[in-house]
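Open your viewer and get ready to click. We will go from stop to stop, and at each one you will hear what to select and what to look for.

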Amino acid sequence: MSVHTKKFGITKDGREVTSYILTNENGMEAEFIDYGACLVKLYVPDRNGKKTDVVLGYDTVEGYENTDTYYGAFVGRNGNRIGGGAFSLNGKEYKLSQNDGDNNLHSGPEGFERKMYEAETFEEEGETTIEFSRLSPDMEQGFPGNLDVTVTYTLTGDNGLVIEYFAVCDQDTLVNLTNHSYFNLSGHDSGNILEQKLKLKASRFAVTNQGLIPTGELRFVEGTPMDFRDFKPIGRDIEADYEPLRFAGGYDHHFEFDKEEDGVCLVAEALSEETGIFMEVYTDRPGTQFYAGNFIDGTKAGKGGFVYEKRGGFCLETQLIPDSVHLDCEKNCVLKHGEEFDSTTVYKFTVK
Ligand code: GAL
């Protein structure tokens with residue numbers, strides 16, 4: 001197990017960006033940058049032992065500074081959409097930027113994926129960790145309170161990438177942190193993910209309006225193209241004539257996990273039959289945005305100059321239902337002053 005660093009590039013305002021490369025004994029390698037606390041590369045051995053980079057990304061800081069796809073991004077304070085780009089908390093109205101039609105998306109336009117982080121590394125027997133932390137000041141992105149936020153990425157000896165989020169605030173605020181990595185288990189430069197198989201432990205998904213804001217209805221997937229309770233190629237039903245798929249242009253929905261308990265448990269599995277790379281997802285979050293990369297427009301070059309096509313990667317952004325601040329749900333994104341946001345998601349790799 002080891003961690004080493006190298007110079008990644010310079011931001012447009014002249015700050016040096018460093019990359020942190022974690023490796024384990026099985027040939028797995030995970031690279032992160034302190035700009036955006038982004039996951040840049042994730043090499044996993046395939047069934048023949050060939051190291052395969054299974055996440056989409058860029059080779060340059062400029063790529064990350066201009067991203068509208070959020071490759072590898074650490075997303076916050078609030079992942080996904082807030083309807084109308086506004087909310088009220090403790091009787092006060094807060095206005096956010098309307099950067100996605102009338103709505104706010106990923107707390108943009110200047111979200112956590114565009115900030116510089118303090119970095120610290122830890123090596124313990126069997127695992128290495130990179131910790132990124134930062135103070136997000138009161139009213140940054142329009143949210144109240146000074147938020148101390150930390151994300152740690154740990155590479156384990158058994159090919160797990162463990163992501164842990166911690167946040168505390170000196171006022172009540174909104175927090176819904178996630179990671180926006182696009183996985184392509186045949187390799188980031190292999191084309192689209194439509195043949196890759198996915199299984200989600202979710203019998204309900206969130207119905208949305210045309211702006212992708214949940215209506216509050218959690219609909220059963222049974223008998224619909226949204227049913228991933230058994231392994232199914234992502235592409236099998238993606239073009240089905242079904243209103244939720246038409247509104248989103250493919251899969252781009254919150255799936256609510258069937259969980260018997262609150263802790264970290266297995267919620268999703270995915271497989272590339274081409275490489276044999278098999279990914280399990282564990283989390284303590286109530287659901288995930290399953291996004292099939294429908295908005296990748298096939299014009300921008302990513303790593304190695306490869307131009308990613310529409311649906312060139314899929315995301316499993318573990319989180320709360322989007323716009324929970326406006327919904328009457330059991331868990332919402334309000335983080336109370338004095339409480340700690342503490343959450344874990346694990347992406348674990350083996351071969352079949
Ligand atoms: C996803 C979101 C998509 C799209 C994407 C970024 O989280 O659900 O609709 O906005 O981020 O391109």
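The tour begins with the ligand, moves on to salt bridges and ends in a loop.

**Before you start.** This is a predicted model, in which local features need pLDDT of at least 70 and side-chain atom pairs count only at pLDDT 80 or more, while totals for chains, interfaces and linings use all residues. Residues are numbered from 1 along each chain as its sequence is written, and side-chain values use heavy atoms, with hydrogens and water left out.

Now pick His180: a polar atom of its side chain is 2.8 Å from an oxygen atom of the ligand. On its own the ligand has 310 Å² of accessible area, and the protein covers 97% of that (Shrake-Rupley method, 1.4 Å probe).

**Stop 1: salt bridges.** Side chains of opposite charge can pair when their charged atoms come close. How many salt bridges are there, counting a side-chain nitrogen of Lys or Arg within 4 Å of a carboxyl oxygen of Asp or Glu? The count is 18.

Select Glu113 and Arg114, whose closest N and O atoms are 2.9 Å apart in a salt bridge. Are they buried (under 20% relative accessible area), exposed (over 50%) or partly exposed (in between; 1.4 Å probe, protein chains only)? Glu113 is buried at 1%, and Arg114 is buried at 14%.

Then go to Asp13 and Arg15, which meet in a salt bridge at 3.1 Å, N to O. Asp13 is exposed at 54%, whereas Arg15 is partly exposed at 35%. Finish this stop with Lys115, Arg134 and Glu140, which a network of salt bridges links together.

**Stop 2: a loop.** Select Asp227, in the loop between the strands β19 (214-220) and β20 (232-233). Strands here are DSSP runs of E, at least two residues long, numbered from the N terminus. Leaving aside neighbours within four places in sequence, Asp227 is in contact (heavy atoms within 4.5 Å) with Val221, Glu222 and Lys232.

Key: Helices (H or I, at least four residues) and strands (E, at least two) are DSSP runs, numbered from the N terminus. A polar contact is a pair of N or O atoms within 3.5 Å; within protein, one must be able to donate a hydrogen and the other to accept it, and residues adjacent in sequence count only if both atoms are side-chain atoms.
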